Amino acid sequence: MAHVTETTTGVTQATASATTTVTMGKALNLALHDALRDDPRALIFGEDVGQLGGVFRITDGLQAEFGATRVFNTPLAEATIAATALGLTIKGFHPIAEMQFDAFSYPAFQQVTSNIAKYHTRTGGACPVSLVIRIPYGGLIGAIEQHSESPETYYVHTAGLKVVTPATPADAYGLLTAAIRDPDPVIFLEPKARYWSRQDLTQPLESLPLPPLDKARIARTGTDATIVAYGPTVATALAAAEAAQQEGVSLEVVDLRSLAPIDFETLMASARKTRRVVVAHEAPVYMGLGAEIAARLTHDLFDTLVAPVERIGAATTPYPPSRFEKLFLPDVDRILEAVDRTREY
Amino acid sequence: MAKATVTRHTTGKDAAPGQSADGANTTADPIEEIRALLGPDGALTEEGERVVGVDDATLRDLYRQMVVCRRLDQEGLNLQRQGELGLWGPFTGHEAAQVGAVRALDDADWIFPFYRDFAMAVCRGIDPGAILTIFRGLTHGAWNPHTYRFAPFIIPVGTQIPHAVGFALGCKLDHEPIATLVGFGEGATSTGDWHEAMNFAGVFQAPVIFFCENNQWAISVPIREQVAGRIADRAAGYGFPGLRVDGGDVLAVYAVVRAAAARARAGGGPTLIEALTYRFGPHTTSDDPTRYRTAADDDAWRANDPITRCAERLRARNAYDDAFASEVAAEGEQRAAQMRQTLLSATPPRPESVFDLVFANPPAALMREKAEFAATLEPVDETQGTEGE
């Protein structure tokens, strides 16, 4: 992807102070570091998170600094990684568990949906499940099967989970920190193709205000149509908006940040303004988040919208061989074509 | 939270959880000591009974709890048949296993039960009438786990087993000498969660007791179609001891669990206990055992009724007479009536309270949805209490 530098947070507009550049991977690493430093009950565990620092190096250096009782490897068994995290919350720990890849989170699905999401209810609120499950997700890394999936619909459809995903290094730090501090279970989806994306910052990540876990962000303001994106597709949407600008079309980009719940207030406000909406995600269109967004917007803004909500996403196929992945995922052209369709009404 | 007081170990070495410096196995292994006191059938030998040293008053109390719990089980069945409960899962046959196991633990020790561990809950002091509100459809959780050191009943088979390992790992990380016992049936030993949890426990040397109530039947599937080999033997593959005990002998169960708990608290790691027992009744009230087993299947086990065998041990000590038996039976009647009364007088919560329990920190969107839902309900009639249908 061409757009490796975020220019949309407002932070980069500040002029005088010296800027530092941070990648999303480093921002996540720093959030984990600061959680271990500030919260004596925080623990990090999963496959390869110890000495190796994880296959993406997101936990790099943490075991060396905080010791093997705070950051440790587990056997290769995702269900019990998740279940162990739940058990540890009952003892008052705040576990941060790592699933190595999106599709490798599925063995833990029963624990997540039947126990982690429901333990607060099942104990009448006596046992809050204050844990985070980090899952690298999404495609465009040229990987083999099972390494590029977008499993968010599975998780957002389960009540009792909060599901968030960052699109920028600043949000990676802020949302992960907020997720760790939250008393409820948070599925934290990391857009792995963006791990190496950079953002220029004029102030330290830890001094930025923490984003709430249930609020979307206007990544770019515009007037002619709204593109709803999250995680890996936000950069694509911004690139599309930049291209549209050249043609005199003003696109607003909403970065959902929170997938459960979805911040419909922000979405509705944007849709009321632009009256045209395109939703773009890497997950299949069928029953993807775009379906819920389209349904809600159509219901609540039936008289306001001037075109059907357009949805861009993957086909109803297994994730394709990586040679073809760019053809299946939203890109600038597909987004702009969808914008054009909404403008034909 | 009525947390029992525990003292902390002083080991401060910063090793990975599985590389403990807790000094395991520096003394004689309590599991091997107790194994030597069991007969070939897993029951406690006469010498074992003497060595274990349970006094008459305690044994009478174990008997009392078993009888009371069986009576409560019968009442649960009655209530279901009378339409007061949606479902009941009888545990008669498991009394010695459940009562003996709980009695062997310290108050600070934790229990992660499966759905049939009703007698364990009662022995931990949880109000049986409150437990039944779950089966009446009023709630998904009827007690605070921290108050009783007793986790909620878990329905998906085997999934509570790794929770116990996580909790036990936490006790180890906190250097607290707390043993954690997890209950499950033999069917659960076929699940991946059981194997994974056993492996994690072995690797992390978690202070956990895997307590298998092998009642021979997973609904209709007999043990021979569930497990090849012996469940207890599987512990060896995970690097810790396992032993089979006569689950109908309350003293044997008590002795074995007590030894495993001592081992866990001392940093010795996990133990697997396979308690051989029998489910005298159906899997649940929705089940029909006549379709898959015969009276002949049951006879040998009924001849080994755990309550009868406890009475025999008491008789051998001259600690059992008709007056005691009548007194215990009367207590069972009284507790059953009380349980029924508590259940039938339980007030249903307002339906919209379901929304309040989803999160500790609920998002505004969910609270708006709650308000929309509540607006569709009949208003609360203050003069009629809060019957919410």
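Me: What covers the buried residues of α1(A)?
Reply: This is a predicted model. In it, the cover over the buried residues of α1(A) includes β2 (20-23), β3 (42-46), α2 (62-66), β5 (94-98), α7 and β8 of chain A.

Me: Which residues of α1(A) are buried?
Reply: They are A:Met24, A:Gly25, A:Lys26, A:Ala27, A:Leu28, A:Asn29, A:Ala31, A:Leu32, A:Ala35 and A:Leu36.

Me: What span should helix α1 of chain A have, and what does the model give?
Reply: Helix α1 runs over residues 24-38 of chain A, 15 residues in all. At 1.5 Å a residue it should span 21 Å, and its end C-alpha atoms are 21 Å apart, so the two agree.

Me: Confidence next. What is the average pLDDT of chain A?
Reply: Chain A averages 95, and 95% of the residues score at least 70. Residues 1-15 of chain A are below 50. That stretch still has 24 contacts in the model beyond near neighbours in sequence. Where pLDDT is low, the predicted coordinates should not be read in detail.

Me: Domains. How is chain A divided?
Reply: Into domain 1 (5-207) and domain 2 (217-343). Their centres, taken over C-alpha atoms, are separated by 25 Å.

Me: How many residues are in contact between domain 1 and domain 2 of chain A?
Reply: 27 residues of domain 1 of chain A contact 23 residues of domain 2 of chain A. On the domain 1 side, α6 (152-156), β7 (162-164), α7 (169-181) and β8 (186-191) of chain A each supply at least two residues.

Me: How does that domain 1 side divide into nonpolar, polar and charged?
Reply: 13 nonpolar, nine polar and five charged.

Me: And where does A:His157 lie?
Reply: In the loop between α6 and β7 of chain A. A:His157 is partly exposed, because 13 other C-beta atoms lie within 10 Å. A:His157 and A:Thr113 are 44 residues apart in sequence, yet 9.4 Å apart in space, C-alpha to C-alpha.

Me: What about chain B, how is it assigned to domains?
Reply: The domain assignment gives domain 1 (30-344) and domain 2 (353-384) of chain B. The centres of these two domains are separated by 38 Å, taken over C-alpha atoms.

Me: Now the two chains together. How many residues of chain A are in contact with chain B?
Reply: 38 residues of chain A, against 40 residues of chain B. The elements of chain A giving two or more residues to this side are α3 (78-90), α4 (109-116) and α5 (119-122). α3(A) gives the most, with nine residues. The chain A side divides into 17 nonpolar, 16 polar and five charged residues.

Me: On to the core. How many residues has the largest nonpolar core?
Reply: It has 202 residues. Those with the most contacts inside it are A:Ala82, A:Ile227, B:Ile209, B:Val253, B:Val256, B:Val257 and B:Ile273. The largest share of this core, 12 residues, comes from helix α10 (residues 250-265) of chain B.

Me: What is A:Ala82 in contact with?
Reply: Leaving aside neighbours within four places in sequence, A:Ala82 contacts A:Ala97, A:Ala108, A:Gln111, A:Val112, A:Ile116 and A:Ile133.

Me: Back to α10(B). How many of its residues are buried?
Reply: 14 of its 16 residues, so α10(B) is mostly covered. At 1.5 Å a residue, the 16 residues of α10(B) should span 22 Å; the end C-alpha atoms are 22 Å apart, which agrees. α10(B) is followed by B:Gly267, with a positive phi near 90°.

Me: What is the phi of B:Arg149?
Reply: About 50°, positive although B:Arg149 is not a glycine. B:Arg149 is in the loop between α7 (145-148) and α8 (161-173) of chain B.

Me: Is B:Arg149 buried or exposed?
Reply: B:Arg149 counts as buried, because it has 21 C-beta neighbours inside 10 Å.

Me: And where is B:Gln205?
Reply: In the loop between α9 (192-204) and β3 (208-214) of chain B. Phi of B:Gln205 is positive, near 50°. B:Gln205 counts as buried, with 23 C-beta neighbours inside 10 Å.

Definitions and conventions. Residues are numbered from 1 along each chain as its sequence is written. Chains are lettered from A and ligands numbered from 1 in the order in which they are written. This is a predicted model: local features need pLDDT of at least 70, side-chain atom pairs count only at pLDDT 80 or more; totals for chains, interfaces and linings use all residues. Two residues are in contact if their C-beta atoms, placed from the backbone, lie within 7 Å. Helices (H or I, at least four residues) and strands (E, at least two) are DSSP runs, numbered from the N terminus. Ala, Val, Leu, Ile, Met, Phe, Trp, Tyr, Cys and Pro count as nonpolar, Asp, Glu, Lys and Arg as charged, and the others, Gly among them, as polar. Domain bounds come from an automatic or database domain assignment. A nonpolar core is a set of buried Ala, Val, Leu, Ile, Met, Phe, Trp, Tyr and Cys residues joined through C-beta atoms within 7 Å. A residue is buried if 20 or more other C-beta atoms lie within 10 Å of its own, exposed if 12 or fewer, and partly exposed in between; C-beta atoms are placed from the backbone. pLDDT is the predictor's confidence in each residue, from 0 to 100. The expected span of a helix is 1.5 Å times one less than its number of residues.
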